[in-house]
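Dear colleague,

I am passing on a structure to you, and below it I have written out what was found in it. Please read the notes with the structure open beside them.

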Amino acid sequence: MKILITGLNGFIGKSLINFLTEKHQVLSLSRENKENIGYKNIEFIKGDFSKPNYWEKKVISFAPDYCIHMAWEGLPDYSFEKCRINLNKNLIFLDFLCKIGISNIIFTGSCYEYGSHIGSLRENLIPKDPQIFGITKLTILNYLDIICKTNNINFKWARIFFSYGPNQRNSSLIPSIWNNLKLNKNNYIKTPYASNDFVYVDDVANGIMELLDNNAPSGIYNIGSGKLTSVGYIANLIYSYYKKDIPYPNIATKKLKGFYSDIKKIKKFTSWVPKTSIDNGVINTLRKLDENYG
């Protein structure tokens with residue numbers, strides 16, 4: 001299968017590379033230069049995904065069967081202006097995909113599309129007061145749905161929950177706690193009882209590949225762990241790993257409140273299940289941080 005990919009240099013993309021086996025040919029479109037060394041089945045071309053005039057001949061010549069689109073400019077900036085820019089870029093890119101007659105598309109969405117709901121969230125749930133980032137993603141999804149139906153394109157919208165793991169940006173929860181411990185600084189967590197659906201990045205990448213390799217119908221697919229974990233619990237795991245006194249000894253007695261994924265749909269149409277427990281995922285992340293920066 002020939003796959004056009006955007007965002008392969010990003011957090012999830014770096015994990016996805018490990019799942020791209022010899023049976024796939026990959027053309028990666030990125031704003032950054034990337035050496036092809038070590039990836040004999042992946043060709044990298046430089047370009048902004050919203051400016052097809054600069055790279056469309058290469059993509060047309062490649063003749064992709066599938067597009068996996070993960071690129072989003074400016075994260076973690078969720079401002080109105082940045083969302084507006086990304087909205088325009090995504091619509092241009094979608095029009096290009098239709099122009100070349102691609103038959104299969106995977107776009108990455110966000111659990112923020114659900115808005116302020118709590119509890120278990122199914123894909124058919126009507127969003128409740130989403131913020132601008134969620135609204136922008138939903139606008140792209142609605143456009144994608146219409147344009148794919150019109151052009152007979154199969155599409156999967158991978159609605160990803162709180163992904164974590166190696167290569168996450170330094171300001172994220174685990175790297176920031178790790179860095180403060182290394183510098184002998186206190187970790188002040190304002191909301192240790194806040195709980196999210198944390199899903200390991202390799203599980204996310206595997207979920208995307210499962211959607212790629214299966215004949216699942218068009219639509220939204222949650223990719224999450226299907227359970228809640230508190231921020232304080234993760235902090236305790238990190239402190240325990242480095243044999244330090246845990247900061248939140250009573251965290252297990254607190255009732256968790258938040259929203260998490262219902263993953264019945266993706267399990268129904270694919271063989272995907274999240275394989276990495278929160279304990280193992282956090283330890284894997286810490287080991288990688290120690291290896292790269294320790």
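**Aromatic residues**

Phe133 is buried, since its relative accessible area is 9%. Please keep in mind throughout that this is a predicted model. The ring of Phe133 is paired with that of Tyr112, and because the ring centres are 6.3 Å apart and the planes stand at 75°, the pair is edge-to-face. This pair links distant parts of the chain, with Tyr112 in the loop between strand E5 (104-110) and strand E6 (119-121) and Phe133 in helix H4 (residues 132-150), 21 residues apart.

Elsewhere, the charged end of Lys254 sits over the ring of Tyr193, 5.3 Å from its centre.

The count of aromatic pairs comes to 18. One of them joins Phe49 and Phe93, whose ring centres are 5.6 Å apart and whose planes are at 80°, so that this pair is edge-to-face. Here too distant parts of the chain are linked, as Phe49 is in the loop between strand E3 (42-46) and helix H2 (56-62) while Phe93 is in helix H3 (residues 80-99), 44 residues apart. Phe49 is buried, with a relative accessible area of 9%, and Phe93 likewise counts as buried, at 0% relative accessibility.

**Around Thr6**

Thr6, which lies in strand E1 (residues 2-6), touches both Phe49 and Phe93, and among its other contacts beyond four places in sequence are Leu29, Ile68 and Ala71. With Ala71 there is also a polar approach, in that the backbone nitrogen of Ala71 lies 3.2 Å from a polar atom of the Thr6 side chain. Thr6 counts as buried, because its relative accessibility is 1% and the cut-off for buried is under 20%.

**Cysteines**

How many disulfides does the count come to? The count comes to zero. For Cys111, the closest cysteine sulfur is that of Cys83, and at 14 Å it is too far for a bond. Cys148 is in no disulfide either, the nearest cysteine sulfur being that of Cys98, 6.1 Å away. Cys111 is buried, with a relative accessible area of 2%, and Cys148 is buried as well, with a relative accessible area of 1%.

Note on methods:
Residues are numbered from 1 along each chain as its sequence is written. This is a predicted model: local features need pLDDT of at least 70, side-chain atom pairs count only at pLDDT 80 or more; totals for chains, interfaces and linings use all residues. Side-chain values use heavy atoms; hydrogens and water are left out. Helices (H or I, at least four residues) and strands (E, at least two) are DSSP runs, numbered from the N terminus. Buried means under 20% relative accessible area, exposed over 50%, partly exposed in between (1.4 Å probe, protein chains only). A polar contact is a pair of N or O atoms within 3.5 Å; within protein, one must be able to donate a hydrogen and the other to accept it, and residues adjacent in sequence count only if both atoms are side-chain atoms. Contact means heavy atoms within 4.5 Å. A disulfide is a pair of cysteine sulfur atoms within 2.5 Å. Rings of Phe, Tyr and Trp (its six-membered ring) pair if their centres lie within 6.5 Å; planes under 30 degrees apart count as stacked, over 60 as edge-to-face and the rest as tilted. A charge sits over a ring if NZ of Lys or CZ of Arg is within 6 Å of the ring centre and within 35 degrees of the ring normal.
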